[in-house]
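Trainee: I am new to this structure. Please take one part and walk me through it closely.

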Amino acid sequence: MEVILWVIIILLFLLSFLSLVFPIIPGTLAIWAGFLLFHFFLDNSELSGFFWTAMVLLTVLLFVSDIIANSFFVKKYGGTKWGERSAAIGVIVGSFIIPPLGILIVPFAAVLIVELLQQRSPQDAFRASIGSLFGFLSGSVAKIVIQLIMIIWFFIAI
């Protein structure tokens, strides 16, 4: 039974990384499910209060990093608030339309269209679209790093 639980925990950790390509997969939830499986079914004394507090803080950082990266790059490349919002919506919609490439193409197109509808020049609209692309990619890198920290910390703690 213990081996089966460990296989499930490791599969949940791996599943969390699939959420980078398919945002509809709740990656953070998969990591937490692995932690909780270990805690409630294998050993409830190994993980300290410090570990749980750190995991909550890293989870918040995981959610915020995506928003911060997207906003930062769209703004940096001259995008408007509506451009930022359309990029966020585009990532969600794109994950359904043509996964996994939709999470890159749809936000790019959405920002371009929204910026053009706001009477921005084609160059400015294109530039803001590039910003949404960089925002998504940098947010993904941040997610990879944070998720790796969480998983490695878990294995160190046990």
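**A salt bridge and its surroundings**

Mentor: Start with Glu115. Its relative accessibility is 0%, so Glu115 counts as buried. Keep in mind that this is a predicted model. Now look at the partner. Arg120 forms a salt bridge with Glu115. Their closest N and O atoms are 2.6 Å apart. Side chains of opposite charge can pair when their charged atoms come close. Arg120 itself is partly exposed, at 22% relative accessible area. The cut-off for buried is under 20%, so Arg120 does not count as buried. How many salt bridges does a search of the whole structure find? It finds one.

Next, turn to the loop between helix H1 (2-18) and helix H2 (27-42). Ser19 lies there. Ile24 is found in that loop too. Is Ser19 buried or exposed? Ser19 is buried, with a relative accessible area of 9%. Leaving out residues up to four places away in sequence, Ser19 touches Ile25, Gly27 and Gln147. Ile24 is exposed, because its relative accessible area of 51% is over the 50% cut-off.

Which helix gives the most to the nonpolar patch? Helix H4, residues 81-97, does, with five residues.

Note on methods:
Residues numbered from 1 in each chain as written. Predicted model: local features only at pLDDT ≥ 70, side-chain atom pairs only at ≥ 80, totals over all residues. Heavy atoms only, no water. Helix = DSSP H or I, 4+ residues; strand = E, 2+ residues; numbered from the N terminus. Buried < 20%, exposed > 50% of the residue type's maximum accessible area, 1.4 Å probe, protein only. Contact = heavy atoms within 4.5 Å. Salt bridge = Lys/Arg side-chain N within 4 Å of Asp/Glu carboxyl O.
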